[in-house]
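Trainee: I would like to learn how to read a structure like this one, feature by feature. Could we go through it slowly together?

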Amino acid sequence: MKAKDGFLMRKVGERRVVVPVGEASESFRGMLNLNETGAFLWNLLSGDTTEEEMLDAMLAEYDTNREEAKKGIEKFLQKLRETGILEE
Amino acid sequence: MKFQIKMVDLTIEIRHRYAYIKKQCEAWICKEEMMRPDMVIEVSEEDISKEKKEAEVSVTEGYCESICIYRAIARKLTAFSAFVMHGAVVELDGEAYVFAARSGVGKTTHTKLWMEYFKGKASYINGDKPVMRWRDNRLYAYGTPWMGKENFGCRRCAPVKAVCFLERGLENKIRKVEDSEIVNRLFKQVLLPVEREEIIVFMEMMDRMTERIPFYLLKCSISLEAVETAYEAMRG
């Protein structure tokens, strides 16, 4: 899976905000408001990846356990599915 | 037909079809025209009729042209470190107090109470759609000819003191809002650019605003006490 093309992530205060660019803005109105972990996961999704790979990457980057990380990833992916940004 | 106006310290040439826009901009028209205005705005007949079709109530072509023109201006403001924000701006002691709310919550009702509470001292810079512009590292709120149905506003500008989101409440309570909530609330009051380069500049402006300007949330009743609550917090 990967994130759809045509989105841009920028820093706003301590948040990372994802907005559509060009044509993507016709089908997606609004934005994603992410924390640091969300931004990390978003970057992983710029290329094709799997949930398992995301989990490994997150465990390597953050001081967290497998269960917590898995929950976090699922929640994040759920958010992306709801907004229709994920390509599976 | 065309004319030039001076707003937000910019010279804007407006090319138009209907009389409405010229009347609306009357107080802003430049007496001497410039060879090279900062921007030239013209909207198509298609844009105007699209706007008319999408309107919830019956509106004239002239009105729709005015709405389209402002949207076109808004899109070009990014290049001048500026953007349009939906909100009401009150000037008090040379500083701008900005209020934003969903339509119908009562930003006009609340800001009218500021006029009453600070009688003779407070005035409207713009009651509906001011322009915010970064100049010399400060954010200024500018008046524009687009002032909403109440027509509250003038040709002044002032540095932004604070931004306050409004919600209805039984008691008057104000609190500071931080980054995540600022993002969620602020992005509902602005128009996102579409092109990549403009988005980058626009997001830098949002970032600076979030970091430099204090944001509050006021839950309030319609009362002078609500003004006191807001002012006490926002004056810092």
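Trainee: Which residues of α6(B) are buried?

Mentor: Some conventions come before the answer: this is a predicted model, in which local features need pLDDT of at least 70 and side-chain atom pairs count only at pLDDT 80 or more, while totals for chains, interfaces and linings use all residues. Residues are numbered from 1 along each chain as its sequence is written, and chains are lettered from A and ligands numbered from 1 in the order in which they are written. A residue is called buried if 20 or more other C-beta atoms, placed from the backbone, lie within 10 Å of its own, exposed if 12 or fewer do, and partly exposed in between. Helices (H or I, at least four residues) and strands (E, at least two) are DSSP runs numbered from the N terminus. The buried residues of α6(B) are B:I199, B:F202, B:M203, B:M205, B:M206, B:M209 and B:T210. Seen down the axis of α6(B), these buried residues fall within an arc of 155°, so they line one face of the helix; the arc is that of the directions from the helix axis to the C-beta atoms.

Trainee: Which exposed residues does the face of α6(B) turned away from its buried side carry, and what covers the buried residues?

Mentor: The face turned away carries B:E197 and B:R212. The cover of the buried residues includes β2 (7-12) and β3 (15-20) of chain A, together with β4 (82-84), β8 (131-135), β9 (138-142) and α5 of chain B.

Trainee: How many residues of chain B are in contact with chain A?

Mentor: Two residues are in contact if their C-beta atoms, placed from the backbone, lie within 7 Å. In this model 17 residues of chain B are in contact with 14 residues of chain A. The elements that give two or more residues to this side of chain B are α5 (179-186) and α6 (196-212), and α6(B) gives the most, with eight residues. By class, the side of chain B that touches chain A divides into nine nonpolar, three polar and five charged residues, where Ala, Val, Leu, Ile, Met, Phe, Trp, Tyr, Cys and Pro count as nonpolar, Asp, Glu, Lys and Arg as charged, and the others, Gly among them, as polar.

Trainee: How is chain B divided into domains?

Mentor: Domain bounds come from an automatic or database domain assignment, and here they give domain 1 (2-80) and domain 2 (82-234) of chain B. The C-alpha centres of the two domains lie 23 Å apart, and 13 residues of domain 1 of chain B are in contact with 15 residues of domain 2 of chain B. On the domain 1 side, β1 (2-7) and α3 (61-77) of chain B are the elements that give two or more residues, with α3(B) giving the most, four residues.

Trainee: What should I look for in the backbone angle phi?

Mentor: Most residues other than glycine have a negative phi. B:V8, although not a glycine, has a positive phi of about 55°; B:V8 is placed in the loop between β1 and β2 (10-15) of chain B and is buried, with 24 other C-beta atoms within 10 Å. Phi of B:S81 is likewise positive, near 55°, and B:S81 is placed in the loop between α3 and β4 of chain B, where B:S81 is partly exposed, with 16 other C-beta atoms within 10 Å.
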